[in-house]
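Here are some friendly notes to read alongside the model.

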Number of protein chains: 4
Amino acid sequence: MPDTITVTGLVATTPRHLVTSDGLPITSFRLCSTLRRYDRAENKWVDADTNWYTVTTFRQLATNVVGSVAKGQRVVVTGRLRVREWATEDKHGTNVEIDADALGHDLSWGTAVFSRTVAASA
Amino acid sequence: MPDTITVTGLVATTPRHLVTSDGLPITSFRLCSTLRRYDRAENKWVDADTNWYTVTTFRQLATNVVGSVAKGQRVVVTGRLRVREWATEDKHGTNVEIDADALGHDLSWGTAVFSRTVAASA
Amino acid sequence: MPDTITVTGLVATTPRHLVTSDGLPITSFRLCSTLRRYDRAENKWVDADTNWYTVTTFRQLATNVVGSVAKGQRVVVTGRLRVREWATEDKHGTNVEIDADALGHDLSWGTAVFSRTVAASA
Amino acid sequence: MPDTITVTGLVATTPRHLVTSDGLPITSFRLCSTLRRYDRAENKWVDADTNWYTVTTFRQLATNVVGSVAKGQRVVVTGRLRVREWATEDKHGTNVEIDADALGHDLSWGTAVFSRTVAASA
């Protein structure tokens, strides 16, 4: 079973686009999702912790994301979570990634004009 | 625990917008999500069944959806599932609804130009 | 993308077990999930609506569910949602099903003694 | 919106139980979830990467987990993901946690005898 997750959040870096040597388009950026909790004393929702992710998109989604999504915008993304350990010669750490299955601007925060690039039969 | 679900699919009806007597904006439309399955004999993914939902949005999201989303577009939506039984004098049935928490155009299918309508401090 | 969902709820019917003519074990039961909402006036969580599902399990999971799960117990189930229209000669309706990928007793409500039936290498 | 996730996996450490000074029971353990991918060349599912999580349970669920769940068992857990940065005087790192809303033995792998500890009216 894939570890599927859906998050909403703020695009925190300018999306970076590349094409692999075998022709696969990839676009990725950092996303921060600020969790909310209900403060019973205050009787209202307040900001709690922030989760940071690296969101990675592939193929047609990658091509459309680099042409549509900018730093500072709000998006909704659903995909498969990957917890990756990494190491260089002198450092190591953990990166939390989402390989996106679908991604769009979160219309809770604004409007969008959409232009289809994929044929209806696809 | 809410019955949270994320679906991608085709907007199948023109979004219908209304404002309740106490000032709550609501926008709703029908969404169809076509499931895929891997056909091992054919060695490729094929269309399987279709799920139909009524997607309902509220407040700022409702206002932005009616100005952004049109019939025939592809969207990603996350929210709370509601299975509602309904009855009129001579008919009854079941409606499957998603009360959306976030919704955007699915950039797997096209590009979007986003304009923020909610202040950054919100 | 499958319409994946996770729900917790009450097993509302005795699980029904069958084996298809080509040897596939299937166990299914009705599940009700009572949604909760925060009542700001009362300052506490209260019961809201109830969602009804038909949960269907296959293969080893089906065999283990029929030997473990009884009406009245609380479970957590994750799987793929299917909204199916059905019709007989004089009636028709909608059934909301979850094809389970995993299912267990919800330990928020009790304890469980687990016995492994599948080898570790599986 | 909470970053909700559902995972299935192997309990990799003996659950550790404690009660905070203000009386809150907490039980936590490490969980590994091995992702699968479909190998088209081999025409079968194979193991891919492994995600590691710290699963934390609270209150009645914590009390029942410590009496029911052992290292080496398979469970299904749903909850809220937290990506936490930590630092001591000479080390720092990232911990990926799931604050569980519900948790049970995954009956795909075995059978379970369930005993209710919470009254039906709860």
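1. Let me start with A:T94, which is buried, with a relative accessible area of 17% (buried means under 20% relative accessible area, exposed over 50%, partly exposed in between, with a 1.4 Å probe and protein chains only). A:T94 sits in strand β6 (residues 92–105) of chain A; helices (H or I, at least four residues) and strands (E, at least two) are DSSP runs numbered from the N terminus. Leaving aside neighbours within four places in sequence, A:T94 is in contact with A:V83, A:R84, A:E85, A:W86 and D:T94, where contact means heavy atoms within 4.5 Å. The side chains of A:T94 and A:E85 are joined by a polar contact of 3.1 Å. A polar contact is a pair of N or O atoms within 3.5 Å; within protein, one must be able to donate a hydrogen and the other to accept it, and residues adjacent in sequence count only if both atoms are side-chain atoms.

2. A word on conventions: this is a predicted model, in which local features need pLDDT of at least 70 and side-chain atom pairs count only at pLDDT 80 or more, while totals for chains, interfaces and linings use all residues. Residues are numbered from 1 along each chain as its sequence is written, chains are lettered from A and ligands numbered from 1 in the order in which they are written, and side-chain values use heavy atoms, with hydrogens and water left out.

3. Next, the interface of chains D and C. Here 33 residues of chain D are in contact with 34 residues of chain C, and the area buried between them is about 2,900 Å², of which carbon and sulfur atoms give 58%. Buried area is the accessible area (1.4 Å probe) that two parts lose on being put together, summed over both. D:L107, D:W109 and D:F114 supply 26% of the area that chain D buries against chain C, more than any other three residues.

4. How many salt bridges are there between chain D and chain C? The count is zero, a salt bridge being a side-chain nitrogen of Lys or Arg within 4 Å of a carboxyl oxygen of Asp or Glu. The rule does find 16 residue pairs in polar contact across this interface, both residues at pLDDT 80 or more. On the side of chain D that touches chain C, β7(D) gives the largest share, seven residues.

5. Helix α1 (residues 59–66) of chain D has D:L61, D:A62, D:N64 and D:V65 buried. These buried residues pack against β7 (110–116) of chain C together with β2 (16–19), β3 (25–39), β4 (44–58) and β6 (92–105) of chain D.

6. Now for chains B and C: 21 residues of chain B are in contact with 21 residues of chain C, and the two bury about 1,800 Å² between them, 49% of it on carbon and sulfur atoms. In chain B, B:M1, B:D3 and B:V83 lose the most area to chain C, together 31% of what that side buries. The rule finds four salt bridges across this interface; C:D49 and B:R84 meet in a salt bridge through their side chains (3.6 Å, N to O).

7. Finally, symmetry. Chain B can be laid on chain C with an RMSD of 0.0 Å by a turn of 180 degrees and a shift of 0.0 Å along the axis, with copies superposed by least squares on the C-alpha atoms of residues with pLDDT of at least 70 in both. That is the relation of a two-fold axis. The same surface serves both copies, as 100% of the contact residues of chain B recur in chain C.
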